Amino acid sequence: MRVIRNRRDFLLKLGTGAGIAALGAQAGASLRSLVPNVSYDAPTTVKIGPPAEYPDGLKFLPDQRLFVFREGNTFHAISAVCTHLGCTVRAEALSQVETRTVEGAPLRMTHKFMCPCHGSAYSGDGGNVSGPAPKPLAWFHLSVSPDDGQLIVDLAQEVGRDFRLTVG
Amino acid sequence: MSDLTSRAGAAPRGPAAPAGPAAPAAAASAPGVHPRPLWSLRPESDRASGDAVVSNFLLHWFPAKALKASLDWNYSLWLGTISAALLLLLTLSGMPLLFLYVPSVERAYQSIKDIEYVITFGSWIRSVHRLAAHLMVAVVALHLARVFLTGAYKNGAGRGQRREWNWVIGVAMLLLTLFLSFTGYLLPWDQLAYWAVTVGTNIASSIPFAGAKIRELLLGGRVIEQPTLIRFYVLHIVALPGLLGVLFVYHMWRIRKDGGLARADREALLRERAEVAPARTKTYTLLGIARGTAPTIRASSVEAADVTVNAVPDLTRRAAIVNLGTIALLSILAVFIRSPLEEPANALVTPNPAKAPWYFLWLQEIVTDTTLHIGSFTINGALIGGVILPGLLVTLLTVWPWLDRSPAGAAGVWFGRDRRTQNLVFVLLALGVIALTLVGTFCRGPYWHFYWPWQAWPEIPGRI
């Protein structure tokens, strides 16, 4: 650390320091202004229609990028967002349906999911089978709205693969 | 101050300054006064040739004399000049597009459609811009390969050379070129654009800890919307070209400071120093011009008359041929090659297969193949193939001049014997990238499955 020698030296250092600090503050403020404070994103909790509108099997909701499955009066929902780099996976119907036990609960596997961007493949329960996907497709929480009986999906709340919503 | 200048200006004239109507002609022949407002393509004397460089703004970055060897078509292949010509063309063709394109998610696609189908010459201008961009990626990459294979980032005989730093600037300019292309093909806001942003920003978000924040900063939110488009637009038209322009100017300046191309040093190193006959000199002093005779010196060949030519017209002629040739070729190509426009951006449907432009396909191949499973632990291919591997490659390129321990004589020659191993490794890596690009271009079909080019793709419904 150099010592300040005299008044002229002090003023020089003060001026230089103030200049650098001002530039730094300007740069910091400019960068900070680019970080959004308010999110205008779509809400994560969405009403997705009355359960009766859902056919047995699979329905794709493009706006939520979500697959909703119905098996009698039980429902579950699997994300259509590939866990590798975020493309929308496509569902392909299997030629033969099999029932497997996933995390202790029986599940009817009617489809498999394939990603068009880098070739990840997922089984009917969302498990990553092949390709670059690092983890299974997310399962989301479903509930029934108390006011009008519509299904509600919570896209911020991931659930286990044994999750089922039973509608009375 | 004014007192000093007036004295300095008045003193040297003395009796030599004639008065009356003969003054303009006499002043024209005075030292340091350049009579022609425009320089000649065919200068009559060495004096006229040198004057052209001194008096013309556009030529000031040229030396007065150029080494014949440096002007060889088959040494540098003039790839740097072609890149510069393409940059000029991109700037020029970008201007009308700036007036015609609207950076809004509702109107961007329609404005590109207008440029393509409604505006007179619009489709041609857009095609020039797009083809020049594609070509620039290729030519800048080839320029880098040329500099590597000739060891031209190495310092030679001159003092104060910093060629390694010019190489670093060059690597940065290649990355800027790629980023400019990326931000450019996002602007039409078609399917290619939307899914490229999706994949590109998800690669950024795979960076540990800071990833999510970086993606949010790039997108201006958590989803791809208007803030995203305006960010990439500003990057494309202001931030990146500005930075590229600054680096370009510095790149040129450094070439002059480093004594020209690496080949000049090679000539200087290999050749005997020759005696140069005493020449008349003049020195500018405060009081006027002192004339005298230079002492006999032993100069390197770079100044020798038999290996150099005047920059005007020999260097300018070739620079003009390369620049005008590039512009002419692109103008003609753009008539015949139309620019594609995919369907409007649709967040609901990912195209199948969703392919990046050719220069990113090798990366798309790598992110596909590099997800690692170690026991129950998984590392996303996005991090390995999208961040770590390209990062390593760029780092290696950047620091290579400091790792290259070959002698100075290995610079400025194609495939120098002392650099055989590193050239071989470079060529093999380049071939690997080219091979992956070819696989991505010709051998990937729906769901990124492998198909030979002659195999038919299965019918897959467009939507579910």
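B:Trp452 is exposed, with 8 other C-beta atoms within 10 Å; "exposed" here stands for 12 or fewer such neighbours, "buried" for 20 or more, and "partly exposed" for anything in between, with C-beta atoms placed from the backbone. You'll find B:Trp452 in the segment after α17 (420-442) of chain B.

Residues are numbered from 1 along each chain as its sequence is written, while chains are lettered from A and ligands numbered from 1 in the order in which they are written.

- For the complex, the predictor gives an ipTM of 0.85 and a pTM of 0.86.
- Chain B has an average pLDDT of 85, and 86% of the residues score at least 70; pLDDT is the predictor's confidence in each residue, on a scale from 0 to 100.
- A contact means that the C-beta atoms of two residues, placed from the backbone, lie within 7 Å.
- Where pLDDT is low, the predicted coordinates should not be read in detail.

**Chain A**

- Chain A has one helix and eleven strands, and its elements run α-β-β-β-β-β-β-β-β-β-β-β from the N terminus on. Helices (H or I, at least four residues) and strands (E, at least two) are DSSP runs, numbered from the N terminus.
- The radius of gyration of chain A is 27 Å, well over the 15 Å that the globule rule gives for 168 residues, so chain A is more spread out than a compact globule. That radius is taken over C-alpha atoms, and the rule is 2.2 Å times the number of residues to the power 0.38.
- Along the principal axes, the C-alpha atoms of chain A fill a box of roughly 90 × 40 × 25 Å.
- Of the 168 residues in chain A, 29% are buried.
- Among contacts in chain A with a separation of 6 or more, 44% are between residues 24 or more positions apart.

**Chain B**

- Chain B has 17 helices and eight strands.
- Of its 464 residues, 31% are buried.
- Among contacts in chain B with a separation of 6 or more, residues 24 or more positions apart account for 71%.
- Chain B splits into domain 1 (68-268 + 311-448) and domain 2 (272-306), with bounds that come from an automatic or database domain assignment.
- The centres of these two domains, taken over C-alpha atoms, are 45 Å apart.

**Where the chains meet**

- The contact takes 30 residues from chain B and 25 residues from chain A.
- On the chain B side, the elements that give two or more residues are α10 (191-205), α15 (361-369) and α16 (381-403).
- The largest share of that side, five residues, comes from α10(B).
- By class, the chain B side has 16 nonpolar, 13 polar and one charged residues. Nonpolar covers Ala, Val, Leu, Ile, Met, Phe, Trp, Tyr, Cys and Pro, charged covers Asp, Glu, Lys and Arg, and polar covers the others, Gly among them.

**The nonpolar core**

- The largest nonpolar core holds 107 residues, and A:Ala77, B:Leu86, B:Ala132, B:Met136 and B:Ala193 touch the most other members. Helix α8 (residues 122-149) of chain B gives the largest share of this core, 13 residues.
- A nonpolar core is a set of buried Ala, Val, Leu, Ile, Met, Phe, Trp, Tyr and Cys residues joined through C-beta atoms within 7 Å.
- Leaving out residues up to four places away in sequence, B:Ala193 touches B:Tyr185, B:Leu186, B:Leu187, B:Pro188 and B:Ala345.

- A cis peptide bond joins B:Val312 and B:Pro313, with omega about 15°, and B:Pro313 lies in helix α14 (residues 311-336).
- The bond from B:Asn352 to B:Pro353 is cis too, with omega near -5°; B:Pro353 is in the loop between α14 and α15.
- B:Phe121 isn't a glycine, yet its phi is positive, near 65°. B:Phe121 belongs to the loop between α7 (108-117) and α8, and is exposed, with 10 other C-beta atoms within 10 Å.
- B:Phe209 also has a positive phi, about 65°, without being a glycine. B:Phe209 sits in the loop between α10 and α11 (211-219) and counts as exposed, with 7 C-beta neighbours inside 10 Å.

Methods: This is a predicted model: local features need pLDDT of at least 70, side-chain atom pairs count only at pLDDT 80 or more; totals for chains, interfaces and linings use all residues.
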